[in-house]
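Here are some friendly notes to read alongside the model.

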Amino acid sequence: MKHSPWRGAGIPTPATPNDCPPVKTRCHCGSGRYAGGGMSETPAVQVNSLVKDFRGSFGCGMIRAVDEVSLEIASGEIYGLIGPNGSGKSTTMKALLGLVTPTSGTCAIFGRDSSKVDSRQEVGFLPENPYFYKHLNGEETIRFYGKLCGMRGSSLRERTEELLELVDLQDARKRRLGAYSKGMLQRIGLAQALVQDPRLLILDEPTAGVDPIGSRQIRDLIFKLKERGFTVFLCSHLLEQVQEVCDRVGIIHKGALVKEGPLEELISIEDQTEIILRNATPDLLHRIHELAAHEEGVDLVRSGNPRTTLERLFLRETVQRDAEADPGSGTRQGSPTDGTPDGCHNDTEEDSP
Amino acid sequence: MSRHPHSPPLFSFSRIWIIAGNTFTHLMRMKVFYFLLVFVLIWLGLNVFKLPHTAGPESVGGEELRLLKAPLVGTMKLFAIIIGIVATALLIPRDVEDRTLYTILAKPVPRLDYLLGKLFGVLLLILAGLTIMTLLLDAVLWYRTQGILTEFNKVADILIEQQQWTVEDRQEARAELLSHGVTWSLQGAILVIFFEAAIIAALALLVSTFSTSTLFTVVISTLSYFIGNFIADGLDHWQGSSGTGEGTLGDLSSRALFVAFPDYRPFKIVDEVLAGQIFPPDILGSLALSTGLYVGLYVVLSWFIFTYKEI
């Protein structure tokens with residue numbers, strides 16, 4: 001059976017640098033990198049009171065794109081920044097990458113001022129809808145970005161092989177990028193972002209325009225990166241995706257960070273409790289209803305069958321059907337229905353009622 | 001895999017070379033060398049159609065060579081200038097539009113390295129194109145010169161026999177004929193075309209750092225080139241007729257004008273070489289220096305603007 005590259009070898013395992021002491025916990029499923037839950041002393045990302053104003057049309061007036069945003073992402077954490085279009089997500093990312101100059105405030109990556117070029121050795125960036133150079137093929141693209149980071153010779157060759165395997169583009173390695181599909185471009189984009197073995201990955205809408213299978217592949221890869229201790233700063237308005245992968249979330253609206261915290265804290269409804277039962281009889285359900293009705297101050301808000309998501313249904317009806325029809329071929333996309341890549345994700349098959 | 005224990009250098013020739021090589025390949029795969037086909041077609045056309053000329057019988061050979069090389073050198077100049085403006089104007093806006101620039105500058109790549117890489121890529125392409133065309137031109141010109149020399153020797157022998165020419169006349173006419181063939185002066189003139197294209201490309205790079213469209217960059221760079229061809233004469237005339245422009249202020253304003261519109265007058269030496277004049281080597285040095293100063297100035301200004309550019 002073919003081994004799915006999304007679950008295979010090739011994930012880089014960068015070492016802990018001098019300015020970033022080793023973390024307390026080590027992951028047993030990884031290959032020597034510190035675990036996702038571990039925190040080093042120096043945060044991966046530090047944004048302090050970031051303000052960015054842009055000049056209005058014809059130079060009249062100023063438009064505030066980012067307003068006093070402060071956030072901190074610990075090493076090994078997956079952080080999701082969500083917000084509507086034009087809320088300042090991309091500008092925050094660009095300021096962090098030194099692509100725009102902050103009007104005021106500072107940004108740092110692993111303690112280094114992000115406006116300095118050398119801080120970018122630690123960062124891999126995948127912009128929204130990347131195109132890259134269409135005249136290059138997949139292999140040349142990875143090599144080009146590797147060379148920009150100072151990689152040469154056999155180390156670059158090996159790294160290119162690893163990354164092509166990781167993003168499952170070995171078969172398309174000699175194909176020009178002009179002939180790549182949207183999902184393939186996104187995957188080669190991830191490969192270039194990882195080429196210099198960075199510790200921080202910044203992903204701006206990584207699944208924009210990608211079909212559900214490709215989207216799942218990218219999501220699985222993010223899980224894999226988390227396992228190996230990568231820090232991921234994710235920007236998306238696909239809320240379900242953010243909810244699935246992120247440890248902490250920030251909500252940005254009209255340039256200001258209006259809410260921030262651990263995902264579980266933010267989304268849990270504290271005055272409600274859910275109980276999911278398998279094979280419950282009508283009689284049992286009736287008794288539960290009665291118990292709730294007789295308890296003072298308790299309301300039974302809703303009961304019924306939990307629902308799966310449309311994404312899971314789609315994947316079950318496409319990928320799994322293919323896998324069942326041809327069990328010997330394996331599945332290149334991983335197993336879409338389990339929702340638990342490598343057992344590191346605590347999702348259930350069915351959503352809560 | 002080894003990690004990156006130290007900071008990357010802020011200026012790296014190898015990184016510039018990588019970006020230049022990529023730019024060169026990019027432009028090559030945009031099929032810009034189809035221009036060479038135009039060059040070959042013009043050469044074939046010149047061989048099929050005999051161009052009319054009014055020179056006397058003694059200068060027929062030289063005139064024929066001049067009529068052969070002038071359009072070909074003109075095509076080479078056109079190639080160098082068009083590529084210098086259009087290719088450079090395309091590069092940065094396209095990288096911004098495709099977001100390729102984000103992925104490059106998100107790597108440890110200083111903006112100066114990026115700009116220099118782009119410029120050198122274009123210059124490499126112009127140099128490669130001019131080299132190929134020069135080799136073709138030299139081969140054609142040498143072949144035609146040999147044929148004309150054979151004819152010339154026959155005519156010269158007859159004229160000497162008829163005592164219409166002395167041996168000195170023959171030597172003089174032969175030297176005149178050979179001055180229209182493959183000469184070092186011609187190679188120098190083509191190098192001057194490259195210098196001119198380098199200035200134009202650097203200017204286009206500067207414009208593209210603040211321009212938001214390729215068309216704007218092409219129009220401004222082309223205008224600057226045309227104005228630069230007449231600016232010095234116009235300035236001389238203005239200063240001569242009005243008496244203004246003298247003194248420190250006038251001197252400063254004319255210098256500022258030459259920054260925006262480089263004075264291409266010295267580069268017209270190419271036309272004189274095509275007319276058969278010998279290229280003075282000292283002029284090549286001063287033109288190289290002038291080119292270096294202009295390119296350096298435009299790169300520094302481009303760097304300054306690009307550093308603060310919001311991408």
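1. **The hairpin.** β9(A) and β10(A) form a hairpin with 2 residues between them, and A:K254 in the turn has a positive phi of about 50 degrees. Strand β10 covers residues 256-262 of chain A, and 6 bridges join it to β9(A) in the antiparallel sense. One of the facing pairs is A:I251 with A:K259 in β10(A). Helices and strands here are DSSP runs numbered from the N terminus (helices H or I, at least four residues; strands E, at least two), and two strands pair if DSSP finds at least two bridges between them.

2. **What this model is.** Please keep in mind that this is a predicted model, where local features need pLDDT of at least 70, side-chain atom pairs count only at pLDDT 80 or more, and totals for chains, interfaces and linings use all residues. Residues are numbered from 1 along each chain as its sequence is written, while chains are lettered from A and ligands numbered from 1 in the order in which they are written.

3. **The other neighbour of β9(A).** Strand β9 (residues 248-253) of chain A also pairs with strand β3 (residues 78-82) of chain A, in the parallel sense and over 4 bridges. Here A:G80 stands opposite A:V249.

4. **Chain A as a whole.** Chain A has 9 helices and 10 strands. Of its 353 residues, 43% count as buried. A residue is buried if 20 or more other C-beta atoms lie within 10 Å of its own, exposed if 12 or fewer, and partly exposed in between, with C-beta atoms placed from the backbone. Among contacts in chain A between residues at least 6 apart in sequence, 68% join residues at least 24 apart; a contact means C-beta atoms, placed from the backbone, within 7 Å.

5. **A helix on the inside.** Helix α5 (residues 212-227) of chain A has 16 residues and reaches 22 Å from its first C-alpha to its last, close to the 22 Å expected at 1.5 Å a residue. That expected span is 1.5 Å times one less than the number of residues. The helix is largely enclosed by the rest of the structure, because 13 of the 16 residues of α5(A) are buried. After α5(A) comes A:G229, with a positive phi near 90 degrees.

6. A:S49 has a positive phi of about 45 degrees although it is not a glycine, and it is found in strand β1 (residues 45-55) of chain A. Is A:S49 buried or exposed? A:S49 is exposed, because it has 12 other C-beta atoms within 10 Å. A:N279, not a glycine either, has a positive phi of about 55 degrees. A:N279 sits in the loop between α7 (263-267) and α8 (282-294) of chain A and counts as exposed, with 5 C-beta neighbours inside 10 Å.

7. **Where the chains meet.** 30 residues of chain A are in contact with 28 residues of chain B. On the chain A side, β6 (123-126), α2 (138-148) and α3 (153-166) each supply at least two residues, and the largest share, 4 residues, comes from α2(A). This side of chain A divides into 17 nonpolar, 8 polar and 5 charged residues. Nonpolar means Ala, Val, Leu, Ile, Met, Phe, Trp, Tyr, Cys and Pro; Asp, Glu, Lys and Arg are charged; the others, Gly among them, are polar.

8. **Inside chain B.** B:L68 is found in helix α3 (residues 60-97) of chain B. B:L68 is buried, with 22 other C-beta atoms within 10 Å. The C-alpha atoms of B:L68 and B:L141, 73 residues apart along the chain, are separated by 7.8 Å. B:A202 touches B:L119, B:Y294, B:V295, B:Y298 and B:V299, not counting residues up to four places away in sequence.

9. On pLDDT, the predictor's confidence in each residue from 0 to 100, chain A has a mean of 78, and 79% of its residues reach 70 or more. Among the elements of chain A, helix α9 (residues 310-325) has the lowest mean pLDDT (71) and α2(A) the highest (95). pLDDT stays under 50 over residues 1-40 of chain A. Chain B has a mean pLDDT of 83, and 85% of its residues reach 70 or more. Where pLDDT is low, the predicted coordinates should not be read in detail. For the complex, the predictor gives an ipTM of 0.81 and a pTM of 0.79.

Notes
Two residues are in contact if their C-beta atoms, placed from the backbone, lie within 7 Å.
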